[in-house]
Amino acid sequence: MSRLYAYNPAWPHHEAIQAQATRWHKRGLLTPAQLSAAQAAFPLDFYRPPLLLRIGLFLFTVLGALAGAGLLGMLLQFNFLGTLITTLVIGGAVLELVISGKRLYHSGADNALLYLELLGIGALILYLVYEQGGQGAHDPALGTWRLHWALLLTLAVLLLATLRYADRLVATAAYLNALLLLGNLLLMLPLGTMLLPFVLCAASAGAYLWFTRQLRQPARLYYHRCLQLLRGAALGTAYLAVNYWAVREGNAALLPGYLPASPQIPLAGLFYLLTAGIPLFYLAGGLRRPDRTWLWLGLLTAAFSVFTLRYYRSVLPAPWAATLAGALLTAVAVWATRYLHRGRHGLTSAADAADDQQLNLESLVVAQTAHSAPAAGAAAGVQFGGGHSGGGGASADY
Amino acid sequence: MSPESVLQELLARALLPPAQAALIRADETRRPFSLHRELRLLLYLGIVLLSGGLGVLIYQHIDRIGHGVIVAAMAGLMLACLGYAARHLPPFTWAEAPRTGFLPDYALLLGCLLFVTLETYLQVQYGVFGSRYGLATVLPAAVFFALAYRFDHRGVLAMGITALAAWVGVTIQPLSAFVTNDFWHSRLSTAAIVLGLGLMATGLLAERYGRKAHFAFTYLSLGSNLLLLAATASLLDFTPGAGSFPPVVLVPLILAVCAALVWYARRAHSYLLLLLGVAYAYVVVTYLLVRLIEFTNGFNDGGFVLLLFYVPLSAVGVVWLLLNIKKLLRPR
């Protein structure tokens, strides 16, 4: 069983224990001596640098790998299949060797190699299915058996990669691939288009329940990070599957021929209700449990529902909408902060003492979004320049 | 992993007395769920939307509202924000002041934003500063620096540095430098380099003498960004202007600043600065190699093949460097 795992399964185990012990220490529940004893008993002997170094490792690994592949391609005189397969073999060997040799654990470099490897395999599959797969259409089209086989192959690759490397992005890609496969199958049925939103929503809900149950099992600790992200992804796809904008525009895209505007869909009232109701359901669920995944998905889907509304109905002119929404948001946030200051209903607005901030990016964010000085053009006194209102760009969403 | 199973593991290894485990268990069930970050996000979004929407609204209805009303409303709102922040003002200290909550911080930020809007409005409408643009841009810088030091606010400090850079003739918001600023003007880039050096020196001195030592990172990151961006841009300029530094000065300058960043990053464990130093040094070394090939034999076969091998090998080298950075940078 442990041969399946690319990384040492003790690493996520020790990491989880150390993270929890550090949180307790920050809250003053563990003495420094106890913390260092726990750190010694569950050592982290893998390499994973802080976020910024991971980004650097990722970028330079991609640069090096692509340049290396280009060099190899030159040596092989740009034979497509030969270059691709040789690169994939070498890349896979390097990936395995650096993980076992340098003890990398989602450190940026191994992520980059894994993603490039999977992209290469995906390209190979599409090439084999669409260029070498005999007669027929050469463009991937929805609702065809050819696409079905291609998606089945990529899903198998992504699933195997997820099982072995437990990478969050790959896991999400595998999940979305599975949904796409399901959708493609449905589109081959009569009435498939009608059923598509509901089946995808139900499949997402089922996936959510399965991910949540897996998350509770200690034996699945290796996939803990994947499952946490997948729970959020499943909530997101459950919403998107029945979101009015997604359904209406998706339906228009599936209809044959050119349409000047997307036509109204059947059961529009139901989709209005779901688009408005699901964010509230997520937010209420997130506050009641309380569960951060539900809370964040509630915020994201609420923003998307506002977008959906404004896409079809111009309720208010954009500046008025931004002003009112901003005033409302500010008021709600200030009220909630003061109301929950002492902690009520199991909720508090005070910072969790154990929240470790990886980056103090706030000052940089402020420097970017806040226009802090009169621009030279406005100061020149030609006209009152409209671009000077403290981050007015966000009003486009609202 | 649930907290309970972590407790079991720690108990099994006798790393924790059972009484303390019971205490932790009780705390885990009693402790409220923190909405701190979510509320901060909502507040920030609200402030951005509100100030953006209001700005556009005022711009559209300027004929109907009347200038006096607008000025009075903005001034009133600004004073209210600053007053709220001042009511929660901690006593002054050169060290990092204890936080009294995030609402005063945001009130201060909103007040500063309103100050800029108000000043611009007054200048455009009434021409308060006339053609003394220097005064118009140095005033917010002075106000923001004073507020940042008194209220111990790094965000306002960043705004002050930005205003200072505007006064020197360049805006250093990290992204707009790529979008709007024209670094090809050699005099501007020279000024930016000097200002960047000054900011970096200020940051180092602040830390050295314990005068708001926690501001050092803001000074260093913004200053080094400005300097390296301007210096690299004028290094890669094909038609350097009269006032810009020659490459003989720029290359050692950039490399020295990169070395200083790496040195500082090692002390402060700041990986942002480390990455900045490595990335700019990589660009400059690549530039040197290309110029060297160009100088010796032009781009014939040998030079081309050299570059072909240089890119993957140097990328692998940087990856190796980053992987071993802990070992290389271990403090003595």
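Biologist: Which strands pair between chain A and chain B, and in what sense?
Modeller: In this predicted model, strand β1 of chain A (residues 347–348) pairs with strand β1 of chain B (residues 33–34). The sense is parallel, and the pairing runs over two bridges.

Biologist: And which residue is the bridge partner of A:Thr348?
Modeller: That's B:Ser34, in β1(B).

Biologist: OK, zooming out. How many residues of chain B are in contact with chain A?
Modeller: 76 residues of chain B, and they meet 77 residues of chain A.

Biologist: Which helix of chain B gives the largest share of that side?
Modeller: Helix α3 of chain B, residues 36–60, which supplies 20 residues.

Biologist: How does chain B's side divide into nonpolar, polar and charged?
Modeller: You get 52 nonpolar residues, 18 polar ones and six charged ones on the side of chain B that touches chain A.

Biologist: What about chain A, how many helices and strands are there?
Modeller: Chain A has 15 helices and one strand. Chain B likewise has 15 helices and one strand.

Biologist: How much of each chain counts as buried?
Modeller: For chain A, 31% of its 398 residues. For chain B, 40% of its 332 residues.

Biologist: Let's pick a helix. How far does α12 of chain A reach?
Modeller: Helix α12 of chain A covers residues 292–312, so 21 residues by the helix assignment. From first C-alpha to last it reaches 31 Å, close to the 30 Å expected at 1.5 Å a residue.

Biologist: Which of its residues are buried?
Modeller: Among them are A:Trp294, A:Leu295, A:Leu297, A:Gly298 and A:Phe304.

Biologist: And what do the buried ones pack against?
Modeller: Within chain A, against α9 (224–242), α10 (244–254) and α11 (268–288). They also pack against α3 of chain B, the helix that gives the largest share of chain B's side of the contact with chain A.

Biologist: Switching to A:Phe42, where does that lie?
Modeller: In the loop of chain A between α2 (32–41) and α3 (51–75).

Biologist: Why does A:Phe42 count as buried?
Modeller: Because A:Phe42 has 20 C-beta neighbours inside 10 Å, and 20 or more is the cut-off for buried.

Biologist: What does A:Phe42 touch, leaving out residues up to four places away?
Modeller: A:His14, A:Ile17 and A:Gln18. A:Gln18 is 24 residues away along the chain, but its C-alpha atom is 7.2 Å from that of A:Phe42.

Biologist: Into which domains is chain A divided?
Modeller: Domain 1 (140–242), domain 2 (263–313) and domain 3 (319–344). The centres of domain 1 and domain 2 are 21 Å apart, taken over C-alpha atoms. Their contact takes six residues from domain 1 and nine residues from domain 2.

Biologist: Now confidence. What's the mean pLDDT of chain B?
Modeller: It's 78, with 86% of chain B's residues at 70 or more.

Biologist: Which elements of chain B have the lowest and highest mean pLDDT?
Modeller: Helix α9 of chain B (residues 176–179) has the lowest, 46, and helix α11 of chain B (residues 216–235) the highest, 86. Over residues 171–184 of chain B, pLDDT stays under 50.

Biologist: And what does the model score for ipTM and pTM?
Modeller: ipTM is 0.70 and pTM is 0.74.

Key. Residues numbered from 1 in each chain as written. Chains lettered and ligands numbered in written order. Predicted model: local features only at pLDDT ≥ 70, side-chain atom pairs only at ≥ 80, totals over all residues. Helix = DSSP H or I, 4+ residues; strand = E, 2+ residues; numbered from the N terminus. Buried ≥ 20, exposed ≤ 12 C-beta atoms within 10 Å, placed from the backbone. Contact = placed C-beta atoms within 7 Å. Nonpolar A, V, L, I, M, F, W, Y, C, P; charged D, E, K, R; others polar. Pairing = 2+ DSSP bridges. Domains from an automatic or database assignment. pLDDT = per-residue confidence, 0-100. Expected span 1.5 Å × (residues − 1).
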